[in-house]
Each structure stands twice: as structure tokens, then as C-alpha cells.
Amino acid sequence: METAAASAPAAERDPAGHGCLAVRTSLPRCSLGAGGSSSSLAGSSDEASCGSPRWIGRGLSCVCIKRKGAYERICMNLTPVQEERLQRLKHRMKVYFDPSRRDHQEALKALWHATYPDQELEGLISEQWKDMGWQGRDPSTDFRGAGFISLENLLFFAKTFSASFQRLLKKQCGNRATWEYPFAVAGVNITFMIMQMLDLQSKDEWAFDLLYCVAFVVMDKQWLEKNASYMDFNEVLKSTRTQLERELMLDDVMRIEDMPSYSLLC
């Protein structure tokens with residue numbers, strides 16, 4: 001399995017430099033691309049996704065608020081706090097993992113200790129990393145396009161929802177395939193998927209990190225339901241994205257915590 005290596009496009013801005021929020025008002029699709037080109041997300045149908053979900057402040061504000069048909073785009077000013085959060089998140093997404101940086105090394109060690117609190121790490125390059133689902137002895141080679149934020153996401157998941165993290169890591173639920181997805185590398189791919197979904201427009205770092213955890217447990221649930229094995233990972237990831245987009249479009253979902261799949265976390 002290869003980690004996605006491309007980078008998501010830059011955040012879309014209006015000519016006046018204001019933040020843009022798209023809201024649906026009526027048509028099956030909306031024009032959100034540069035130059036007004038029409039676009040729809042993978043897995044869209046009658047309930048077509050209108051571009052990417054965006055968050056404002058600590059609350060979740062889905063871009064496409066369901067009415068009866070057409071979509072239109074509205075530009076609005078971001079508050080200073082929202083703008084700061086957006087810039088901070090965009091900066092996080094541009095930081096590559098650098099194995100020579102002390103803080104990056106420490107984050108990797110912190111991930112190990114959060115994952116295996118009773119096992120001593122032999123070194124930043126070690127056969128031990130394969131147990132976590134990295135492809136080789138050196139996990140730094142697996143970050144690629146998703147960068148340092150994918151390590152931050154794994155660490156956030158391990159510390160914030162440790163029971164769910166350990167359950168997925170150890171493949172404790174369901175009848176598992178002989179060839180399972182590699183846990184850590186799957187996490188890197190999920191980070192990249194969310195970067196694409198949000199199109200760098202998330203206004204809240206907490207929402208991004210929380211959605212990552214939801215996405216991971218949804219992916220594992222889809223994996224079990226499809227009786228998937230290693231070669232099915234990309235298809236499972238695609239169906240995971242479709243489910244997340246569908247849930248984010250629900251009328252009563254105003255925060256990540258309102259998503260039905262949030263209940264999978266423990």
C-alpha cells in the first residue's frame with residue numbers, strides 16, 4: 001500500500017481576501033472550483049455533496065445546507081480567531097516529516113510510548129515499528145505527502161481515544177482477513193483523505209483531528225463489513241469517504257460529535 005504523495009490544493013479565497021463559505025440553496029451540484037467549474041465529490045448521488053465541508057469556529061457548519069435543489073456560493077468574512085485557526089491548520093499541513101528534527105523524533109517516540117506503554121523502544125529505526133503497521137524499519141519513509149500532521153493525528157488518536165486506538169491497532173473486533181491493512185500506514189492515508197475532503201478549508205484544528213479519529217473507526221468498520229483484505233484497502237477508503245460525506249450532509253449534524261459514526265469512538 002502506498003501513502004498518497006500529492007498535496008491538496010490551496011484554500012480558495014474571494015478577490016477581496018475574505019474566507020469563502022459555500023451554502024446550498026437549490027441545484028444538484030454547485031460550482032466550487034476555480035473559475036466556477038462544476039465539481040462533485042466521489043460517491044455523490046441525488047444527495048450530491050457540494051464541494052467540501054467547512055468548519056467555522058468550534059462548530060461544524062456544513063457547506064451544503066440541504067434545501068430543494070440549486071447551490072450557490074457565499075463569501076463571508078472570517079473572524080480573527082477563525083482566520084488564525086485556518087492559517088495554523090494550513091501550516092500544519094505543509095510541514096514535512098523530517099527525521100533529523102528533534103521535535104519530530106520526539107513525536108515519533110511519543111507515539112510509540114502511547115501505543116506500547118510497557119515496551120521500550122530500541123530506536124527510531126527498528127524492526128519494532130513493523131508491529132505498529134509501518135512498512136519497514138524506518139517509519140519516516142512512510143509519511144510522504146501527508147507529512148508531519150499524519151503523525152500528529154496518530155498521536156492524537158492514541159492519547160484521546162486510547163481504547164478505540166488499541167482496538168483498531170490490535171484488530172480485536174470481527175473476523176479479520178489473513179492479509180490485514182497496516183495500521184500506521186492506513187492512518188497516514190486517512191490523514192491525506194481528510195486533507196482532500198476539507199480542501200484545506202477547515203476552520204478548526206480540533207474538528208480536523210476529531211474527524212480523523214471518526215474516519216479511522218469508520219474505515220475499520222467498513223473493512224469488517226466488506227470482509228476486506230489488504231488489496232481492498234483503496235476501495236474501503238473510498239467507501240469510508242462516501243459515508244463521512246453523507247453523514248456531514250445530515251440536517252442535524254452541526255458538529256463532529258453529532259455524526260452518527262462518532263458513537264463508534266470510546
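This is a predicted model: local features need pLDDT of at least 70, side-chain atom pairs count only at pLDDT 80 or more; totals for chains, interfaces and linings use all residues.
Start in the middle. Select W134, F157 and F216: of the 63 residues in the largest nonpolar core, these touch the most other members. Now colour the elements that give two or more residues to this core, namely α1 (80-93), α2 (102-115), α3 (148-160), α4 (162-169), α5 (183-198), α6 and α7. The top contributor is α6, with 13 residues.

Setting aside neighbours within four places in sequence, W134 is in contact with L111, W129, P139, D142, F143, L154, A184, V185 and V188.

Next, select 205-225, which is helix α6. How many of the residues of α6 are buried? It's 17 of the 21, so the rest of the structure largely encloses this helix. Step past the end of α6 to N227, where phi is positive, near 50°.

Last stop: S239, which sits in helix α7 (residues 233-248). Is S239 buried or exposed? Its relative accessibility is 14%, so S239 counts as buried, the cut-off being under 20%. Zoom in on its side chain: a polar atom there lies 2.9 Å from the backbone oxygen of V236. Then hide the neighbours within four places in sequence, and the residues in contact with S239 are Q222 and K226.

How values were computed: Residues are numbered from 1 along each chain as its sequence is written. Side-chain values use heavy atoms; hydrogens and water are left out. Helices (H or I, at least four residues) and strands (E, at least two) are DSSP runs, numbered from the N terminus. The expected span of a helix is 1.5 Å times one less than its number of residues. Buried means under 20% relative accessible area, exposed over 50%, partly exposed in between (1.4 Å probe, protein chains only). A polar contact is a pair of N or O atoms within 3.5 Å; within protein, one must be able to donate a hydrogen and the other to accept it, and residues adjacent in sequence count only if both atoms are side-chain atoms. Contact means heavy atoms within 4.5 Å. A nonpolar core is a set of buried Ala, Val, Leu, Ile, Met, Phe, Trp, Tyr and Cys residues joined through side-chain atoms within 4.5 Å.
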